[in-house]
Amino acid sequence: MATIAHHPATGAESGALRLGAGLMALAGLAFICYAAIFFVRNFTGGFLELGIGPNEVDVGRAQVQAFSPELFRYISHLHIALSGFIASTGLATSALAWFGVRHGLWWAYVTAIVVPVLSLVIALPAHYPYHLATIGHLGLIYVATAIFVAGALVALKPMLQARQT
């Protein structure tokens, strides 16, 4: 049976580790906010995702509903389900960062990175061939991702230093 040594950050390292973990957790909360916007738009006149309008999709809520009520309900169910998965990804990322990375736990650091990266690697590429990668649509995700990457990089140095001691 293998064991993993835990070397918590100390003194000078803890400030950078707290900052990095805090940025990672903040980015996770931004994912939750995006999911909430996504969820609310499903039930409002917007219907389509944030940043998706007539330039990307030539019909709106009323036209989809008039064309096919079943298709409308199916799209609505996808919006609801996807908002749940986006929110849960944000929650997992925030919790891992705040309660694990902040304490110098490598398994939490790696998992906190893998969770959103897996989501983004699967979700983002589909936006580009269909011209759905507008700044209005993905801008908040890009900002949250940049904050997350900055936090992960800030936390990496004290994580590595703690591992060497």
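# Working chat: rings, pocket and charges

Trainee: Where do Trp106 and Tyr109 sit, and what separates them in helix 4?

Mentor: Trp106 and Tyr109 are three residues apart in helix 4 (residues 106-123), so about one helical turn separates them. Please keep in mind throughout that this is a predicted model.

Trainee: How many aromatic pairs does the structure hold?

Mentor: There are four aromatic pairs in the structure. In one of them, the ring centres of Trp106 and Tyr109 are 5.4 Å apart and the ring planes stand at 80°, so this pair is classed as edge-to-face.

Trainee: Is Tyr109 buried or exposed? And what about Trp106?

Mentor: Tyr109 counts as buried because its relative accessibility is 6%, whereas Trp106, with a relative accessible area of 22%, is partly exposed.

Trainee: Which residue lies over the face of Trp106?

Mentor: That is Arg163, which lies over the face of Trp106 at 5.2 Å from the ring centre.

Trainee: Switching to pockets, what volume does the largest pocket have?

Mentor: The volume of the largest pocket comes to about 810 Å³, and 27 residues line it, with Phe38, Glu49, Leu82, Ala123 and His127 lying nearest its centre.

Trainee: Which helix gives the most to that lining?

Mentor: Helix 3 gives the most, with seven residues in the lining of the largest pocket. Helix 1 (11-42), helix 3 (69-99), helix 4 and helix 5 (135-164) each supply at least two residues of that lining.

Trainee: And by class, what does the lining have?

Mentor: Sorted by class, the lining of the largest pocket has 21 nonpolar residues, five polar ones and one charged residue.

Trainee: OK, charges next. Which side chains meet in a salt bridge?

Mentor: In general, side chains of opposite charge can pair when their charged atoms come close. In this model the count comes to one salt bridge, in which the side chains of Arg73 and Glu70 meet at 3.7 Å, N to O.

Trainee: Where are Arg73 and Glu70, and by how much are they separated?

Mentor: Arg73 and Glu70 are both in helix 3, and because they are three residues apart there, about one helical turn separates them. Both Arg73 and Glu70 are exposed.

Trainee: Staying with helix 3, is Thr89 buried or exposed?

Mentor: Thr89, whose place is in helix 3, has a relative accessible area of 14%, so it is buried. Although Thr89 and Pro116 are 27 residues apart along the chain, their C-alpha atoms are separated by 6.4 Å.

Trainee: Last topic, the backbone. What is phi of Phe47, and where is the residue found?

Mentor: Phi of Phe47 is near 55°, which is a positive value in a residue other than glycine. Phe47 is found in the loop between helix 1 and helix 2 (61-67), and it counts as buried because its relative accessibility is 1%.

Trainee: And what is phi of His131?

Mentor: Phi of His131 is near 60°, again a positive value in a residue other than glycine. His131 is found in the loop between helix 4 and helix 5, and with a relative accessible area of 62% it is exposed, whereas Phe47 is buried.

How values were computed: Residues are numbered from 1 along each chain as its sequence is written. This is a predicted model: local features need pLDDT of at least 70, side-chain atom pairs count only at pLDDT 80 or more; totals for chains, interfaces and linings use all residues. Side-chain values use heavy atoms; hydrogens and water are left out. Rings of Phe, Tyr and Trp (its six-membered ring) pair if their centres lie within 6.5 Å; planes under 30 degrees apart count as stacked, over 60 as edge-to-face and the rest as tilted. Helices (H or I, at least four residues) and strands (E, at least two) are DSSP runs, numbered from the N terminus. Buried means under 20% relative accessible area, exposed over 50%, partly exposed in between (1.4 Å probe, protein chains only). A charge sits over a ring if NZ of Lys or CZ of Arg is within 6 Å of the ring centre and within 35 degrees of the ring normal. On a 1 Å grid over the protein atoms alone, a cavity is a set of points where a 1.4 Å probe fits but cannot get out, and a pocket is an open set with protein on both sides within 12 Å along at least five of seven lines; lining residues have an atom within 4 Å of a point. Grid points are joined across faces, edges and corners, and a volume is the space filled by probe spheres set on the points. Ala, Val, Leu, Ile, Met, Phe, Trp, Tyr, Cys and Pro count as nonpolar, Asp, Glu, Lys and Arg as charged, and the others, Gly among them, as polar. A salt bridge is a side-chain nitrogen of Lys or Arg within 4 Å of a carboxyl oxygen of Asp or Glu.
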